[in-house]
Amino acid sequence: MYGLINIGIKDFIINRVSKKVWSEICNDLELDRDVVFEALNVYDDKLTYDLVGVISEKLSLEPAEVLERFGIFWVQYTGAEGYGQLMDLFGKDMITFLKNLNSMHARMGSMMPNLKAPRFVVEELSKNEVDLYYYSEREGLGPMVKGLLIGLSNRFGQEIEVHSHFNRHEDGGIKFKILIGV
Ligand code: HEM
């Protein structure tokens with residue numbers, strides 16, 4: 001994945017946990033604790049999964065919990081780190097934004113030509129209920145999507161409930177039921 005994600009993970013640990021824990025994580029992965037990830041370089045996905053694995057051990061949290069917490073953080077982080085205006089362009093409420101999420105990642109693709117972006121299909125059942133289907137070449141990131149959705153609800157000031165079993169359906173999609181304003 002693009003280094004921007006690993007930069008986000010590093011920031012997440014340093015700001016939400018501590019520099020000391022970041023140093024320990026780097027130690028375990030044989031990374032320099034002052035490692036500088038380049039936002040626009042592509043790193044092996046394994047590094048990102050390894051980071052999540054070691055964080056899960058260090059913080060005694062399930063990997064799914066780490067991913068969810070990182071997802072919540074990611075919306076705030078990108079919002080504050082130069083992508084807030086980009087997000088504003090694609091919607092100022094949950095449903096509009098979700099409908100535009102593919103276009104937003106496509107826009108990122110102009111800066112990041114090797115992006116393997118996720119794909120989302122939105123089924124609007126009513127103004128308070130959405131079924132979201134998430135498609136990805138990658139495994140195991142469903143809990144991160146849950147966190148991202150919670151992060152978006154914080155951004156837009158809309159209370160939500162998210163339900164998902166995180167299992168892939170026949171066409172590969174993972175379903176999320178989102179109840180808005182509950
Ligand atoms: C401005 C905000 C955002 C930026 C800059 C951004 C950028 C990125 C980047 C660089 C990747 C790595 C993909 C790769 O390297 O192949 C990624 C992956 C991903 N993004 Fe975003 N993203 C943003 C917001 C969101 C939001 C709000 C969601 C969902 C609600 C989302 C869902 C995902 C998912 C699920 C992945 C993992 C890739 C996969 O599933 O295969 N992103 N994004």
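In the predicted model described here, a polar backbone atom of Y2 lies 2.8 Å from an oxygen atom of the ligand, a polar contact being a pair of N or O atoms within 3.5 Å. The model is a prediction in which local features need pLDDT of at least 70 and side-chain atom pairs count only at pLDDT 80 or more, whereas totals for chains, interfaces and linings use all residues. Residues are numbered from 1 along each chain as its sequence is written, and side-chain values use heavy atoms, with hydrogens and water left out.

The ligand is surrounded by 25 residues, of which the closest are Y2, H105, K116, Y134 and S136, where a surrounding residue has a heavy atom within 4 Å of the ligand. The iron atom of the ligand has a single donor from the protein, NE2 of H105, at 2.1 Å; donors are N, O and S atoms within 2.8 Å of the metal (3.2 Å for Na, K and Ca), and sites may look incomplete because water is not among the atoms. H105 itself belongs to helix α5, residues 94-111, helices being DSSP runs (H or I) of at least four residues, numbered from the N terminus.

Helix α1 (residues 3-16) packs against two other helices. Its axis comes within 9 Å of that of helix α4 (residues 63-89), and the two cross at roughly 105°, the axes being lines fitted to C-alpha atoms over the stretch in contact and the angles running from 0 to 180 degrees between N-to-C directions. α1 and α4 are therefore roughly perpendicular to each other, a term that covers 65 to 115 degrees, while angles under 35 count as roughly parallel, over 145 as roughly antiparallel and the rest as oblique. Residues of α1 including L4, I5, F12 and R16 meet residues of α4, among them V66, F70, W74 and Y83, contact meaning heavy atoms within 4.5 Å.

With helix α2 (residues 19-28), α1 packs at an angle of about 135°, the axes being 6 Å apart, which makes α1 oblique to α2. Here K10, I13 and I14 of α1 meet K19, V21, W22 and I25 of α2.

Helix α3 (residues 45-59) and α4 have axes that come within 9 Å and cross at roughly 110°, so that α3 and α4 are roughly perpendicular to each other. This contact joins V52, I55 and S56 in α3 to P63, V66 and L67 in α4.

How values were computed:
Polar contact = N/O pair within 3.5 Å; in protein donor to acceptor, adjacent residues only side chain to side chain.
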